[in-house]
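Here are some friendly notes to read alongside the model. Please keep the structure open as you go through the points.

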Amino acid sequence: MANGGPVEHGYPHLDTVRESITALYKRLSYDTIQLFATSVAPVDVAFCDTDDLHLGAQRVARELVRHYRLPEARMVVGFREMTHAASVELAAGPEYFVELNDRFRTHRRDIGAALAHEVMHVYLHRLGLSFPGTRENEILTDTAATYLGAGWLLLDAYREDAASSQKLGYLTPEEFGYVLAKRAQLFGEDPSVWFTSAQAYSAFAEGRVRARRDEREPPLTAAGWAGRRRYARDRRHAQDLRAASPGAGVPSGVPYVFTPEGRGPLRVSFPCPTCHQRIRVPVRGRVRARCGLCRTVLECDT
């Protein structure tokens, strides 16, 4: 929790964020992810200063348990002085103890954001889905909460001005915006109408621009002129070096990799713009590819 300190910006965790989205699809499946088409509604996690602190926190926790489809889980929420925003004890269940920073006693509007992250820890714990390393696992948790419809609360808790700042979660504001944009494209929703923070809206707009770039990378037909020209040059070079090792002649910084297939056709692999699973197709002009993981149909010019 950044509380008055500097807030990190940009996309320093983007690779892990993308790996997290892929891991969600692999562990949950396309059909299960479709069950999360409706995000947590603001009215369901609203918390005003006149609400009883503990009863209100329990009510919001129950709503997030319902949203994440954890019917056999019960959250017991308490408050204490701590460095981080919150913590959860990941026991066998069905009862889980969540502790929130004492700051939330007077910043009740952000209790939903803190609980969205902690209840997602329980969800991933029950799935048996985790990444090695604490930081990577926290990024997975933020990404999962956002992609499955509750993480807009975490971005909305981001506020920054010349005198103060606040941000919850491990993702940067722009990375939260990136994942929200991925979700918005998948389900056709506009989370920006729920933001109470002007900084959150700006971060979402920036993340949306970055997310749309994924849909315009070659060999996708939506790629721009410069990308198509670069791809054609790299393809010619790879065709000239078919006897070389996979990826020979392709400079770093591009998402595609050419690989020779014995004496068969040259192939190109590239990440699916929806789930980031790599797709491999022959280099033979116009191709329609279907991602086996998220079922996205992609128009390519290989």
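**Notes on the core, the sheet and a helix**

1. Let's start inside: the largest nonpolar core has 92 residues, and Y68, M75, L100, I111, L115, Y123 and L155 touch the most other members. A nonpolar core is a set of buried Ala, Val, Leu, Ile, Met, Phe, Trp, Tyr and Cys residues joined through side-chain atoms within 4.5 Å, and buried means under 20% relative accessible area with a 1.4 Å probe, protein chains only. Helix α4 gives this core its largest share, 11 residues.

2. A word on the source: this is a predicted model, where local features need pLDDT of at least 70, side-chain atom pairs count only at pLDDT 80 or more, and totals for chains, interfaces and linings use all residues. Residues are numbered from 1 along each chain as its sequence is written, and side-chain values use heavy atoms, without hydrogens and water.

3. Now find the open sheet of three strands, ordered β2-β4-β3 with mixed pairing. Strands are DSSP runs (E, at least two residues) and helices are too (H or I, at least four), numbered from the N terminus; two strands pair if DSSP finds at least two bridges between them. At the edges lie β2 (74-80) and β3 (86-88), each pairing on one side only.

4. How do β3 and β4 pair? They run in the antiparallel sense over three bridges, and A86 has L100 in β4 as its bridge partner.

5. Finally, look at α5 (residues 134-147): 10 of its 14 residues are buried, among them E138, L140 and Y147. Just after α5, G149 takes a positive phi of about 105 degrees.

Notes: Buried < 20%, exposed > 50% of the residue type's maximum accessible area, 1.4 Å probe, protein only.
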